[in-house]
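Good morning, and thank you for coming.

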Amino acid sequence: MSNLFIIEAPKKCRTLQELLEKIGVTAKVAATKGHLYDMPASLQQLGVDKGFRDFERKLIIPDIARYIRELAAEAKHVYVATDADQEGDVIAWDVAELIADIHPDPYRVRLKGMDEDSIRAALDETTLVNKRDAVPGRTRAIVDRMIGSVFSKDGVAVGRVSTGLLGLVKDNPPCSLRIRLVAPSKDGGRPWIAETNVVDPLDGPTADKLVKVRFPPLAVGHTAPKPYTRPPGNMGDIMVRAGDELNMSPAEASSSLQRLYEAGRMTYPRAGSRGISKSALRKVHDVLKKSGYEFSADKVSEKKETDVHDAPHPIGKLEIQLDPAKQGFDEGLRTLVARDLVRSGQTHAVQLAIGDVAGRHLASLGFPNKVCDFVAKLYWRREEGPRYPGQESWPKSAVIERRQDTVLLEVAKEYGLGRPSTWAGEVVVDGVRKPTGIIDKFLARKLVDENFKLTAKGRKWVEASPPLLLDPRISAYIEDACEKTLSGMMDHPEREPWEILAERIVSVLPPEIQQPLFGAIDGVPRHPKEDQTAQFRKTTTLDDIMQATREKTYDYAPAMPSLTDY
């Protein structure tokens, strides 16, 4: 009997199977094609009962489920190697329930890269599929569906994240226009740079005039320079950099990172960490040292213990000296990440200049006092330290137009709206690519113009949305609450932990949100727990199957198999 590895993406099946064969693991690889189960697309039918059970959650493609069960029945061991994020954890538990009567305790493998070393490392860290890991994703899905179903009406789509983003844009409109001002240094060293969004008292015409000004030399301030190291970027940071440096949309950057991951040229992309473990750094240390730039792995921020993944970083040979903008999206993005990683292994000191001279100079040229004061108080800075890839030796003043989707992503990331897996994405329907990420969908609705000012449609949606849901802090609170653990929620004999947690989250929301949500399910009778194997075999209940199988086979969790078991 061979082993069975279950992953999400069909495109990764052959790659994973070949890598497993290289390290001596005989296995078949099958794909779920994303989530196995989902709620109805329409929100008109809520599908959640008074016990917060999402009873309308059904198999998306029954034939895939049937195929997985057939392969599992022939397998010695089953390994669920879906993505090591919350979506992957949900799928992993769904697979575990789907094959509960065949393999009651499948193993969980969290892949961090599609290369031989990463596969070995992931196998060494094999665990059992854990129901607890699926709680945040399942809870979030229930709460978000309830909010969307209850509050969306008259053509106005209300969502926990999208409505929070709308409220944020309404109260604090982002700016796609930035200005970079450069002034020479009195000591003859590197020039001083000040950057700011074009906001009051600045406007477009004023910005165009400012970049043409030849500023007088500025003196070093009295504050001692502060040394610092810049941590590696997480996925959100990388996507923003890709927009600013490579003119990539969030969807393009996300897809590019995923392709690189599947090709074994980048580690797992959907990571929120801004640190890299020492063991992972050893894989790229020699390559970065040979780049011609100063680099020390000891200076790179280390991954926190609470982080599941390292910050995304390249795998394999690198050519940092090449211009990322000329390499195409995939390789250009990979080079950009590598360049930033070199900078993370360096120490720089920030020196500040006295900006009053710049303000007085503008006054002598006839600029309004408000503009002169604004520019004088900007953060005039320069870095002292080793050279890093892509560094401009003598930059020039410029007006910078940023991508609107990049700016919106930056705002969503800053305020904790959404997650890496929801910021950007797309599906292909009848040959047409349709955005699924919150950034693209928000802009596609034309709620704001190119300057992030509310359109007539946007104002209508604001008026029709619950005021509290327009507060991004509500969305961030719910996001955080889905990660919590309630005492006893894993041990309830009749309810799932995500049902208990979802009820608790709704019960502590403000009355304006809480009461309509409870009202929507108050008259919906409780539904029994569904046996996911029922349609494939004659059985009693899922709990009975799992308990009976465990009692017959063993009375403790099985030991993790070693590589010699394969």
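**Helix packing, sheet and loops**

The axes of helix 5, residues 135-151, and helix 20, residues 511-521, come within 10 Å and cross at roughly 90°. Axes here are lines fitted to C-alpha atoms, for helices over the stretch in contact, and angles run from 0 to 180 degrees between N-to-C directions. Helices (H or I, at least four residues) and strands (E, at least two) are DSSP runs, numbered from the N terminus. Helix 5 and helix 20 are therefore roughly perpendicular to each other; angles under 35 degrees count as roughly parallel, over 145 as roughly antiparallel, 65 to 115 as roughly perpendicular and the rest as oblique.

Before going further, a word on the source: this is a predicted model, in which local features need pLDDT of at least 70, side-chain atom pairs count only at pLDDT 80 or more, and totals for chains, interfaces and linings use all residues. Residues are numbered from 1 along each chain as its sequence is written, and side-chain values use heavy atoms, with hydrogens and water left out.

An open sheet of five strands has the order 2-1-5-6-7, with mixed pairing; two strands pair if DSSP finds at least two bridges between them. Strand 2 (27-31) and strand 7 (127-128) stand at the edges, each with a single partner strand, so one side of each is left without a neighbour in the sheet.

How is strand 1 placed, buried or exposed? Five of the five residues of strand 1, residues 3-7, are buried, so this strand is largely enclosed by the rest of the structure. Buried means under 20% relative accessible area, exposed over 50%, and partly exposed in between, with a 1.4 Å probe and protein chains only. Asn-3, Phe-5 and Ile-7 point one way from strand 1, while Leu-4 and Ile-6 point the other way. Strand 1 runs parallel to strand 2, and five bridges join them; Leu-4 stands opposite Lys-28 in strand 2.

Finally, the loops. Most residues other than glycine have a negative phi, and most peptide bonds are trans. Lys-33, in the loop between strand 2 and strand 3 (37-38), has a positive phi near 60° and is exposed at 57% relative accessibility. Asp-154 has a positive phi of about 50°, and its relative accessible area of 70% makes it exposed. A cis peptide bond joins Asp-200 and Pro-201, with omega about 15°.
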